[in-house]
Amino acid sequence: MAACGRALGLGRGLGRGLCSAPGRRLMLGSDPAVLERVSRDVELREEFVSPEEEAALLRELEPSLKRLRYQREHWDQAIHGYRETERSRWGEESEAILQRVRDAAFLPGAEQLSMVHVLDLEKEGFIRAHVDSVKFCGDTIAGLCLLSAGVMRLVSEEDKINYVDLLLQRRCLYILRGTARYTFSHQILADKESFFAGERVPRDRRISVICRNLPSSAG
Ligand SMILES: O=C(O)CCC(=O)C(=O)O
């Protein structure tokens, strides 16, 4: 498990709300008020990396990932079917991509975790609802989605009937801040539950590359 830590929660919901992305529906909520509240703190950028940039990141990551075994279910783990690593040194091409992620997600001068978290979920893998540890991570989580689309569900910690679904397209960047990061848990749905607005979103092996900032009290 990465340094961000995870606190398990449960998430369930059935209703559907409004769209928040102009032209295209990328976020849906259990009701319009929840969607409005959460969408202020969520950014989704489709095609944030090009197919060539995705290939460059994968070329750099695959050799070290291949040395690791996928971890399977364990009673207290939030993630099933995954392997993960953290990396602080990147090749020139990847570093330039990650700098664009950081520039998109963080204010200039914001203190960031030097380690970038890389999470490789196998096709059958999924991430249960959890809130990243407030001890290790600050108010912003920025993740690049490589190799597969998926659905991220944010569930209110106060009332688990309230939720927002995010359609994470392959090569998108998502950014969770404030409310979306602290008062909603996040999860990546398993392939068999991977639907968005009633449409199937097939899940394949998926690699996320995640940058986080430090809690404001750190250092
Ligand atoms: O794979 C993702 O995009 C989310 C990862 C995640 O939930 C975590 O590392 O806490």
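Strand S6 (residues 140-146) is largely enclosed by the rest of the structure, because seven of its seven residues are buried; a residue counts as buried if 20 or more other C-beta atoms, placed from the backbone, lie within 10 Å of its own. Strands are DSSP runs of E of at least two residues, and helices are runs of H or I of at least four, numbered from the N terminus. The model is predicted: local features need pLDDT of at least 70 and side-chain atom pairs count only at pLDDT 80 or more, whereas totals for chains, interfaces and linings use all residues. Residues are numbered from 1 along each chain as its sequence is written.

Burial applies to both faces of S6, with Thr140, Ala142, Leu144 and Leu146 on one side and Ile141, Gly143 and Cys145 on the other. S6 is joined by five bridges to strand S9 (residues 173-177), and the two run antiparallel; pairing requires at least two DSSP bridges. Within S9, Tyr174 is the bridge partner of Gly143. S6 also pairs with strand S13 (residues 206-212), over six bridges in the antiparallel sense, and Arg212 of S13 stands opposite Ile141.

Helix H2 (residues 51-66) and helix H3 (residues 92-105) have axes that come within 9 Å and cross at roughly 120°, where axes are lines fitted to C-alpha atoms over the stretch in contact and angles run from 0 to 180 degrees between N-to-C directions. H2 is therefore oblique to H3, a class left after angles under 35 degrees (roughly parallel), over 145 (roughly antiparallel) and 65 to 115 (roughly perpendicular) are assigned. Glu53, Ala56, Leu57 and Glu60 of H2 make the contact with Glu93, Ser94 and Ile97 of H3, contact meaning C-beta atoms, placed from the backbone, within 7 Å.

Terms used
Buried ≥ 20, exposed ≤ 12 C-beta atoms within 10 Å, placed from the backbone. Contact = placed C-beta atoms within 7 Å.
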